[in-house]
Amino acid sequence: MTGARIPLARPRPLWPAAYVLAFFLAVGLIVWALDGSVGPAAFFGLVGLATAGGFLIHARVKWRHKTRGHKVSLAVIGLGLFLGAGVFGRQSFQLEGFFFYLLNGVMGGVVIHYLVAKILGPLFIGRAYCGWGCWTWTVLEYLPFKKSPHRPLGRLPSLRLAHFFASAALVFGLWFLAGYRHGTEWRTTDGLWWFLGGNAIYFGAGVVLAFVFQDNRAFCKILCPVTVFLRVGARRSLLKIAGDPERCTQCGACDRSCPMDVPVMGFISSSKRVLSPECVLCQTCVAGCPERALDLSLGLD
Ligand code: SF4
Ligand code: SF4
Ligand code: SF4
């Protein structure tokens with residue numbers, strides 16, 4: 001798409017909602033064919049409906065209300081996953097749970113969740129999981145610092161890679177050095193404690209970082225270990241934000257409104273799609289562009 005003028009549809013198109021719904025339905029059918037049980041297929045269908053519903057709200061309501069679509073989707077998917085899979089299902093959906101599943105050699109719920117939401121899925125839908133389904137974001141969204149201060153996060157470097165390797169070292173150390181075995185069955189006490197403990201640490205760190213840096217998204221930018229997976233696929237995603245450089249007046253509103261500090265205007269003025277792996281496809285910049293110069297697009301970069 002680089003170098004080309006990107007024609008954007010007016011009114012906003014409905015195909016992104018159909019695209020995310022088709023993606024999740026396809027995933028559900030593949031899991032059904034491989035696994036033989038209807039449950040996961042139905043679950044992915046529901047996730048697809050919630051995301052598509054959020055995209056539809058974003059595409060169709062008045063501009064100042066657009067972020068409501070993203071709040072609805074986050075509430076349905078984020079809380080649904082947290083309560084259904086974590087609290088009721090008692091499975092560790094944190095990164096440590098993913099490593100335990102791998103060590104057990106089990107292709108189960110947590111591995112499928114990571115493949116779809118965080119490893120392979122981002123090639124098709126970018127970091128839509130972050131913007132539309134992550135339960136951590138669902139909660140951090142309601143802290144008081146909604147607008148990013150758009151300044152470097154102090155002298156603190158991104159600790160995301162260090163956190164990723166610390167999680168891996170914890171699991172592999174427990175497994176190989178201490179002989180600890182964490183089962184992968186549905187509804188285990190171990191799974192529940194890992195899930196609740198991991199989330200308590202994430203939420204605690206998220207709140208502290210938000211207040212220190214006056215930024216609800218500081219945890220995502222500094223400490224979330226899952227971004228190590230997410231960034232690889234998101235950079236190559238088919239679905240990205242695109243802009244029409246002929247409509248863009250370089251007012252900078254998109255840069256100021258972006259909660260992830262993505263330099264949107266720079267990409268648009270150089271006729272590129274928004275290539276940043278930090279983009280979570282929340283479409284806040286789309287809603288805030290006074291020239292209606294931004295929208296979702298599908299393509300290769
Ligand atoms: S970066 Fe991590 S915490 Fe933030 S929305 Fe994405 S997965 Fe959730
Ligand atoms: S908000 Fe719209 S017009 Fe303003 S810089 Fe961004 S893309 Fe251009
Ligand atoms: S570039 Fe736009 S869609 Fe991406 S994170 Fe920033 S505001 Fe959201």
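**Ligand shells and cavities**

Modeller: By class, the shell around ligand 3 has 10 nonpolar, 2 polar and no charged residues. Here Ala, Val, Leu, Ile, Met, Phe, Trp, Tyr, Cys and Pro count as nonpolar, Asp, Glu, Lys and Arg as charged, and the others, Gly among them, as polar. This is a predicted model, in which local features need pLDDT of at least 70 and side-chain atom pairs pLDDT 80 or more, while totals for chains, interfaces and linings use all residues. Residues are numbered from 1 along each chain as its sequence is written, chains are lettered from A and ligands numbered from 1 in the order in which they are written, and side-chain values use heavy atoms, without hydrogens and water.

Biologist: How many charged residues does the shell around ligand 1 have?

Modeller: A residue is near a molecule if one of its heavy atoms lies within 4 Å of it. Among the residues around ligand 1 are Arg 127, Cys 130, Trp 137 and Thr 227. By class, that shell has 7 nonpolar and 2 polar residues, and the charged ones number 1.

Biologist: Which cavity is the space taken by ligand 1?

Modeller: On a 1 Å grid over the protein atoms alone, a cavity is a set of points where a 1.4 Å probe fits but cannot get out, and lining residues have an atom within 4 Å of a point. A molecule sits in a cavity if more than half of its atoms lie within 2 Å of its grid points. The space taken by ligand 1 is the largest cavity.

Biologist: Which element gives the largest share of the lining of the largest cavity?

Modeller: Helices are DSSP runs (H or I, at least four residues), numbered from the N terminus. The helices α5 (109-119), α7 (128-132), α8, α11 and α12 each supply at least two residues of this lining. The largest share, 3 residues, comes from α8.

Biologist: How much space lies in the second largest cavity?

Modeller: Grid points are joined across faces, edges and corners, and a volume is the space filled by probe spheres set on the points. For the largest cavity this gives about 210 Å³. For the second largest cavity, the space is about 170 Å³.

Biologist: Which element gives the most to the lining of the second largest cavity?

Modeller: This cavity is lined by 15 residues, with Phe 24, Val 47, Ile 77, Ala 117 and Tyr 129 nearest its centre. Two or more residues come from each of α2 (38-60), α3 (67-88), α5 and α7. The most, 4 residues, come from α2.

Methods: 1 Å grid on protein atoms, 1.4 Å probe; cavity = no way out; pocket = protein on both sides within 12 Å on 5 of 7 lines; lining within 4 Å.
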